[in-house]
Amino acid sequence: MKIKRQKHAKKTISFYKYNFCFRQPFQILIDGTFCQAALKNKIQIKEQLPKYLMGEIHLCTTNCALKELETLPKELYGAKLILQRFQVRQCKHKDPVPASQCLLSMLGEANPHHYFVATQDQELTTALKKIPGVPLLYIILNTMVLDKPSECTLKYVEAVQLGEMVSTSQQKSIQSLKEQQGLGKDGEERRGKKRKRKSGNPNPLSCLKKKKTMPQQPKKTDREKKKRNRHRKKKPAGGEGAPVNLNQSNPTTA
């Protein structure tokens with residue numbers, strides 16, 4: 001039975017990962033009714049829930065949910081102690097409202113922050129099933145169960161696949177592309193304001209005189225460097241190397 005529940009949970013989590021971009025650590029919104037059921041059935045939420053969801057989790061609640069437990073009878077004091085251990089997310093209510101109303105406001109119309117909701121409140125569960133992309137957790141027969149996707153969620157995914165609707169992840173990607181291209185939310189171009197240059201002293205580097213550049217002579221190649229200039233020496237007319245006429249008579253012998 002435990003293996004069957006684990007396979008069902010794995011399949012449901014994969015569905016939300018693929019279609020609604022759920023990522024670890026999973027954020028679990030918990031109210032007092034779930035804590036009371038866990039206390040009654042001796043379930044350790046912090047230890048058992050990560051094993052069941054096969055991943056890291058962040059357990060969180062709201063101020064309104066804590067305030068609601070304070071007004072209830074002392075029988076729910078143990079549930080209050082459990083709920084106080086979790087992270088408290090800021091809601092938009094200055095005055096406390098019922099926990100069911102507060103959790104619905106945290107999810108909005110499309111659950112943009114990818115919350116799981118753990119509750120035993122039937123009215124809240126019915127309202128959450130009308131919001132696409134909300135995984136529900138509840139306790140039954142001393143075990144925690146991840147509910148299958150609601151009909152509203154399945155219809156939403158089918159409409160996205162047929163191209164009749166744009167998912168929240170697709171809307172974010174389209175918006176980021178528009179911002180990169182310089183377009184606003186309504187598709188109009190954003191015209192940036194021209195910055196006025198400050199009038200001040202001129203740049204001292206621009207005032208320097210330009211240095212005169214001498215024309216560069218073409219570099220000699222290695223072949224030209226090795227080539228030697230050979231100059232022939234001119235021989236003198238009466239020098240040592242001049243030819244001697246043997247037929248000429250010597251004046252001293254006459």
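Modeller: Start with the largest cavity. Its lining is Tyr-16, Leu-128, Lys-129, Ile-131, Val-134, Pro-135, Leu-136, Asp-147, Lys-148, Pro-149, Ser-150 and Thr-153. Remember that this is a predicted model.

Colleague: What makes these residues the lining of the largest cavity?

Modeller: Lining residues have an atom within 4 Å of a cavity point. The residues I listed, Tyr-16 and Thr-153 among them, line the largest cavity. By class, 7 are nonpolar, 2 polar and 3 charged. The space is about 50 Å³. The count is 3 cavities of 30 Å³ or more.

Colleague: Why is a cavity not called a pocket?

Modeller: Because a 1.4 Å probe fits in a cavity but cannot get out, while a pocket is an open set. The largest pocket holds about 200 Å³ of space. Its lining includes Ala-38, Ile-45, Ile-82 and Phe-86.

Colleague: Which helices supply the lining of the largest pocket?

Modeller: Helices H2 (32-40), H3 (45-53) and H5 (77-83) each supply at least two residues. H3 gives the most, with 3 residues. By class, the pocket lining has 6 nonpolar, 2 polar and 4 charged residues.

Colleague: How do you know that the buried residues of H3 line one face?

Modeller: Those residues are Ile-45, Leu-49, Tyr-52 and Leu-53. Seen down the helix axis, they fall within an arc of 85 degrees, so they line one face of H3. In general, an α-helix has 3.6 residues a turn, so residues three or four places apart point the same way. Just after H3, Met-54 has a positive phi of about 55 degrees.

Colleague: What makes Ile-45 stand out in the largest nonpolar core?

Modeller: The core has 38 residues, and Ile-45 is one of those that touch the most other members, along with Ile-28, Ile-30, Leu-49, Leu-53 and Leu-137. Beyond its neighbours within four places in sequence, Ile-45 is in contact with Ile-30, Phe-34, Cys-35, Ala-38, Pro-50, Leu-59, Ile-82 and Phe-86. A second, separate core of 16 residues includes Leu-29, Leu-107, Leu-128 and Ile-131.

Colleague: And helix H8, residues 151-161: which residues are buried?

Modeller: Thr-153, Tyr-156, Val-157, Ala-159 and Val-160. Their arc around the axis is only 160 degrees, which puts them on the same side of H8.

Colleague: Why are Glu-151, Lys-155 and Gln-161 called exposed?

Modeller: Exposed means over 50% relative accessible area, so that is the cut-off to pass. Glu-151, Lys-155 and Gln-161 are exposed, on the other side of H8. Gly-163 follows H8, with a positive phi near 85 degrees.

Technical notes. Residues numbered from 1 in each chain as written. Predicted model: local features only at pLDDT ≥ 70, side-chain atom pairs only at ≥ 80, totals over all residues. Heavy atoms only, no water. 1 Å grid on protein atoms, 1.4 Å probe; cavity = no way out; pocket = protein on both sides within 12 Å on 5 of 7 lines; lining within 4 Å. Points joined across faces, edges and corners; volume = space filled by probe spheres on them. Helix = DSSP H or I, 4+ residues; strand = E, 2+ residues; numbered from the N terminus. Nonpolar A, V, L, I, M, F, W, Y, C, P; charged D, E, K, R; others polar. Core = buried A, V, L, I, M, F, W, Y, C linked by side-chain atoms within 4.5 Å. Buried < 20%, exposed > 50% of the residue type's maximum accessible area, 1.4 Å probe, protein only. Contact = heavy atoms within 4.5 Å. Arc of directions from axis to C-beta.
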